[in-house]
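Hello,

Here is the structure I promised to pass on to you. Have a look at it first, and then read my notes below.

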Amino acid sequence: MRLASFIPFVLSFTSTLAQDYGYGAGYGREFGEVPDECARLPSHIKLVNQTYILPDPFYFLSGAPVSSKASWTCRAAQLRSLFQKYELGLKPTRPPVLKSSTSKVSSNTTGLTITAGWQSNTIDWTVNITYPSSGKKPYPALIAYGGLSVPAPDGAAIIVFDNSEMGQQDNTSSRGLGLYYDLYGHNASASSMMAWAWAVSRIIDVLEASPDLNINTKKLGITGCSRDGKGVLVAGAFDERIILTIPQESGSGGDACWRTSRDMLVNRGLATQAAVEIVTENVWFSLSFDQFAATNYSIGLLPVDHHELAGLVAPRGLYSTENVGFLWLGDWSNYECMKTANKIFQSLGVGNHQGFSQDGPHDHCMFPSDQVSEITAFYDKFLFDEQADTSVFRTVGNWTYDPRWAPWRVPKLY
């Protein structure tokens with residue numbers, strides 16, 4: 001495999017800083033062709049406390065229904081803006097300076113160093129690309145936050161990204177620390193998870209502009225476990241070039257909905273992590289989320305929830321795993337929330353593009369053998385374009401789906 005020792009490029013930059021920091025303006029390549037007006041939020045949004053019903057994804061803020069795949073694309077842009085405004089912070093578009101260089105780490109691993117920013121201020125970070133011993137070039141690739149904790153797909157490259165270097169996540173004192181904040185300022189609204197998502201999009205930008213790296217940028221997956229699992233769900237929701245998203249044991253703040261986790265804690269007396277606690281643990285969410293996590297009775301004011309975050313991955317692939325061995329992760333809440341998210345996939349005619357597998361009990365972030373065939377099916381379908389049965393939605397837990405959380409109509413979108 002021939003790799004250039006240096007791959008320089010500078011990408012065009014037309015949006016202004018105001019656009020970068022405006023909700024819905026300056027959408028980058030990661031969102032495809034989306035009119036700016038779809039994502040532009042009204043100046044005033046009336047927040048209604050809705051504690052026991054998950055928000056209906058099939059209605060715009062105006063009250064207009066989602067009636068087609070085209071209007072869902074527009075609604076998805078609006079949902080992304082709402083998540084940025086109220087939970088995750090802003091994800092800026094591609095900066096004017098973006099270039100890369102490579103170094104040889106080992107016989108099958110290349111270090112890819114990315115430089116991003118402005119002429120007067122740039123940051124650098126390195127991801128390691130480990131190539132498979134077999135397969136066809138250009139290779140599909142799986143981006144792994146911090147390292148790989150799921151089985152590696154045969155014939156695909158593994159790209160390891162040190163997300164904690166980009167946005168620190170030690171505790172609440174990590175707010176504004178990391179490479180992202182060196183570039184955008186320590187008071188930038190982006191949570192650590194949105195900082196990671198921004199960096200992933202820049203990695204993909206570089207891969208698209210660097211054919212000598214032999215990575216098929218149409219076949220990119222992303223995975224991470226626990227706190228990093230929360231992060232990859234955000235990355236998958238905020239970059240449509242990621243064809244397969246695999247959050248592993250992401251729990252509350254990931255697969256679990258805020259409202260259903262709150263129900264477990266408050267109404268069932270189960271020691272599950274809810275929004276009111278998670279904001280005191282770390283900086284995964286923006287400061288704008290604090291108003292909704294102030295008490296166990298304010299989360300109902302949040303105009304979005306995580307069934308919609310997962311639904312933003314549709315119609316691409318989403319395979320989530322959870323572990324009943326950790327009540328803290330929100331066992332029933334994960335199942336209820338992801339089952340509700342599947343309604344979005346169903347509306348687009350791709351219900352089997354989302355899989356959910358809740359196993360255990362076993363060690364945290366250990367991948368059990370009975371899930372290997374499931375994840376392999378998702379690899380085959382989304383990374384290799386092979387026929388595979390991805391119709392998996394199961395739990396070993398003693399609970400069932402409660403439809404009262406989502407009493408809304410599910411349209412068939414064409």
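This is a predicted model: local features need pLDDT of at least 70, side-chain atom pairs count only at pLDDT 80 or more; totals for chains, interfaces and linings use all residues.

Now for the overall build. The protein chain has twelve helices and eleven strands. Along the principal axes, its C-alpha atoms fill a box of roughly 60 × 50 × 45 Å. A compact globule of 414 residues would have a radius of gyration near 22 Å, and the 20 Å of the protein chain agrees with that. Of the 414 residues, 60% count as buried. Among contacts with a separation of 6 or more, 71% come from residues 24 or more positions apart.

Next, the aromatic rings. How many aromatic pairs does a search of the whole structure find? The search finds 22. One of them joins Tyr-180 and Trp-198: the pair is edge-to-face, with 5.5 Å centre to centre and 75° between the planes. Tyr-180 lies in helix H5 (residues 179-184) and Trp-198 in helix H6 (residues 192-208), so this pair ties together parts that are 18 residues apart in sequence.

Are these two residues buried or exposed? Tyr-180 is buried, with a relative accessible area of 1%, and Trp-198 is buried too, at 0%. Both residues also belong to one aromatic cluster, together with Trp-118, Trp-125, Tyr-181 and Tyr-184.

Enjoy exploring!

Best wishes

Conventions. Residues are numbered from 1 along each chain as its sequence is written. Side-chain values use heavy atoms; hydrogens and water are left out. Helices (H or I, at least four residues) and strands (E, at least two) are DSSP runs, numbered from the N terminus. The radius of gyration is taken over C-alpha atoms; the globule rule is 2.2 Å times the number of residues to the power 0.38. Buried means under 20% relative accessible area, exposed over 50%, partly exposed in between (1.4 Å probe, protein chains only). Contact means heavy atoms within 4.5 Å. Rings of Phe, Tyr and Trp (its six-membered ring) pair if their centres lie within 6.5 Å; planes under 30 degrees apart count as stacked, over 60 as edge-to-face and the rest as tilted.
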